[in-house]
Amino acid sequence: MTFVEDARRRRAARLLDAADAQRAAARALPRGIREYVDGGAEGEVTLRRNAKAFEEVAFAPRMATWIDEPDLSTKVLGSPIDLPVLTAPCGGMRLVHPDGDLGLATGAARAGTIHVASSAAGYTLEDIAKVEGPQWFQLYRFSAQSTMENLVGRAQAAGYSALVATVDTAVSGFRPRDYKNGFSYSMRVNARNAVKLAPQLLPKPAWLTRYLLDGLPFEIPNTAQVTVDGRPMVLTEMTKGGAGSHSPTWTDLGWLRANWQGPLVVKGILTPEDALRAVDAGADAVIVSNHGGRQLDGSPATLTALPRIVDAVGDRAEVLCDSGIRRGSDVLKALSLGARAVLVGRLPAWGLAAAGTAGVERVLEILRTEMVRTMRLMGCRAVTDLDPAWLDAATVPGPKPKEAS
Ligand SMILES: Cc1cc2nc3c(=O)[nH]c(=O)nc-3n(C[C@H](O)[C@H](O)[C@H](O)COP(=O)(O)O)c2cc1C
């Protein structure tokens, strides 16, 4: 182990929980990158709602039981995983740390779970696929069907086991913190804006050194070979808008179902109606997600939306959930309400910021430890035993699955 790796491991080992990882990330990152990760859309109403929804649900524990080793393993789309937590697709992670998406994929693999590689990753989908371990590929449309088709063909060739179409990004959400910080996907650290960015970057020399040594990566490598109007497409296409939606539409989903050989997952579902439409379009799973409060502000918390979607979908497809998960207890609440597994976005990003790959491993290990302890305190033997009866009915959102008509 090199000196740098050893130092990162020691730094990672000191992280105690999500709040601690977030503070460590805040110390490591320039303001613009920190707020890009932490921030939400518009008034951040949905961002706050996500956290509140998890806080408000209480357990119905079964006391006086002794569980030696709670079983955290489950299956997602037929693949066995040791931890019911996937690492969510997140663009821009190479700005957080040069390990970026490779670090996220490595951390997930070491935790025995699946990484979902983002279309807007800092490494090509081919490079990320080389990391040992199961991976899914998240798809944006990038305003052009040809771009989407290019990505799908490459993801298939690279060996991703499932395709995740994100449908909540017709346009990019407006995140005031990014706007104020001068941070957007199109921002490059160049001579012109170096002066403007200096107050943010100079107080973070370690981050700046890593970023310079990494070659100031700011493009979307996945779209480097793709041309839009005869020129290479870069991340600016996303923020600028353009001819069409960044998300696949229902028509695109038809094309994807016909052309993707393997499980199709639709991410960004918030209503039973859309969940059923996705299943009718051939989705094998849906992810109940509001993009971590980064897209449509005013969306419901996903924990609130989850029970009705689980009830509507039944056993026609698997239901996963993300947005706002910070603790092992949050994972167990989502699973009790019918999620097969959850995804975490900011949590691994904070670990990555704090200590690179070792930090990603550490935050997933923290989640595992929290889940084990919580299950022992609840008297729950296995995550596959969880159902709404493990929750205090008075605190559970919406009509409970059994009562729904
Ligand atoms: C910095 C950042 C970048 C993201 N980029 C993407 C992306 O490229 N594609 C996508 O489908 N979702 C993206 N998301 C949303 C995540 O996949 C996930 O839905 C969300 O982070 C879950 O909420 P959490 O951060 O509270 O765990 C991003 C989230 C963050 C925080």
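1. The model is predicted: local features need pLDDT of at least 70 and side-chain atom pairs pLDDT 80 or more, while totals for chains, interfaces and linings use all residues. Residues are numbered from 1 along each chain as its sequence is written, and side-chain values use heavy atoms, with hydrogens and water left out.

2. The ligand is surrounded by 23 residues (a heavy atom within 4 Å). The closest are Pro89, Ser118, Thr166, Asp322 and Gly324.

3. Thr166 belongs to strand E6 (residues 162-166), and stands opposite Lys267 in E9. Helices (H or I, at least four residues) and strands (E, at least two) are DSSP runs, numbered from the N terminus. E6 runs parallel to strand E9 (residues 264-269), joined by four bridges; two strands pair if DSSP finds at least two bridges between them.

4. E6 also pairs with strand E5 (residues 135-139), in the parallel sense and over four bridges. Within this pairing, Trp136 has Ala162 as its bridge partner. Together with helix H8 (residues 145-158), E5 and E6 make a right-handed β-α-β unit (with the strands pointing away from the viewer, the path from the first strand over the helix to the second runs clockwise).

5. Five of the five residues of E6 are buried (under 20% relative accessible area; exposed is over 50%, partly exposed in between; 1.4 Å probe, protein chains only). Ala162, Val164 and Thr166 cover one side, and Leu163 and Ala165 the other.

6. Helix H3 (residues 31-38) is largely enclosed by the rest of the structure, because six of its eight residues are buried. Among them are Ile33, Tyr36 and Val37.

7. An "active site" annotation in the unreviewed UniProt entry covers His291; such positions are given in the numbering used here, feature names are shortened, and annotations may be inferred rather than shown by experiment. His291 is found in the loop between strand E10 (285-288) and helix H15 (302-313), and its 14% relative accessibility makes it count as buried.
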